[in-house]
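Please read the following explanation alongside the sequence and the coordinates.

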Amino acid sequence: MDISVARTFLEVVKTGSFVGAAANLHLTQTAISARIRVLEEQLDGPLFVRNKAGAKLTPAGEQFLRFATTLVQVWARAQQAVALPPGRETVVTVGAELSLWSPLLRHWLLWMRRECPGIAVRTHIDGSERLVEQVQEGSLDVAVLYAAPSRPGIIAELLFEEKLVLVRTTPTDLPLAREDHVQVDWGEEFAASHQAAFPDEPNAVVSISYGPLALDYILATGGSGYFREGFIRSYLDEGRLALVPNTPEFSYSAYVVHSTKADQEVMDRIRTGLREAAAISV
């Protein structure tokens, strides 16, 4: 298939009309219509219902949407791989959840620069579900994320085990109100475990989905919350935070996810760097 046809299809979906797609792609509406007609002939069915309001996907169009997105992404990946920067032997594309970038992936990038100068690196931040999909479809070599996915065609390797611990700001003799506790979103598994451990605790007044932001917030206002033990260790050493005694701790492990078809030589180097970065970070 001509990738430009898939891109045209996606642009019609994005704009909701053939006119809008024509304007964005700097083509005539006739050219857009011709490309979609060729695509519909190849797929043996209509992809859009056209009316005065624009263009709406048919059920067949909804099905093709996911494949069109993958086609365009894999083609872009192929172009990147072929167009290597000068002096580089290959390129790796690595994605991670936002909370894993600092300090783990920062240490890994520095390791790659020092130990693997022949490899170009591209990085991406996204949610766990989307990262796994991108590994499956081939637009990512590796994803680093919390919780091990079970999907066909991918391998999840344990990178490190960490704990989520309950901490509070100091001094510890300063009482905290119930509303001073911040609920940090560490995923569905943590939420279920936390609910089981604290069945009578009401919903938090403040909920934050990003750990570093939650930490900045309680350090500024005073409060408590669950955080990754490695991440807050320096604050414990400095006395700015203190562990809340006799409270449950929760396991929070990170995984390296890659395709079963990944280049093993490249994966060995990536894996070695991630494990060394984890040893520094956790």
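Predicted model: local features only at pLDDT ≥ 70, side-chain atom pairs only at ≥ 80, totals over all residues.

Residues are numbered from 1 along each chain as its sequence is written, and side-chain values use heavy atoms, with hydrogens and water left out.

Helix H2 covers residues 18–25; helices (H or I, at least four residues) and strands (E, at least two) are DSSP runs, numbered from the N terminus. Its buried residues are Phe-18, Gly-20, Ala-21 and Ala-22, where buried means under 20% relative accessible area with a 1.4 Å probe, protein chains only. These buried residues pack against helices H1 (3–15) and H3 (29–43) and against strands E1 (48–51) and E2 (54–57). Just after H2, His-26 has a positive phi of about 60°.

A hairpin of 2 residues connects E1 to E2, and Arg-50 stands opposite Ala-55 in E2.

The pockets come next. A pocket is an open set of points on a 1 Å grid over the protein atoms alone, where a 1.4 Å probe fits, with protein on both sides within 12 Å along at least five of seven lines; lining residues have an atom within 4 Å of a point. The largest pocket holds about 760 Å³ of space. It is lined by 29 residues, and Glu-97, Tyr-146, Trp-186, Gly-187 and Tyr-252 are the closest to its centre. Helix H6 (128–137), strand E5 (142–146), helix H7 (188–197) and strand E11 (250–259) each contribute at least two lining residues, with the largest share, 5 residues, coming from E11. By class, this lining has 13 nonpolar, 9 polar and 7 charged residues.

The second largest pocket has a volume of about 340 Å³. Of its 18 lining residues, the closest to the centre are Ala-177, Arg-178, His-181, Glu-201 and Ser-224. Strands E6 (154–169) and E9 (224–228) each supply at least two residues of this lining, which divides into 9 nonpolar, 5 polar and 4 charged residues.

Definitions and conventions:
Buried < 20%, exposed > 50% of the residue type's maximum accessible area, 1.4 Å probe, protein only. Contact = heavy atoms within 4.5 Å. Points joined across faces, edges and corners; volume = space filled by probe spheres on them. Nonpolar A, V, L, I, M, F, W, Y, C, P; charged D, E, K, R; others polar. Pairing = 2+ DSSP bridges.
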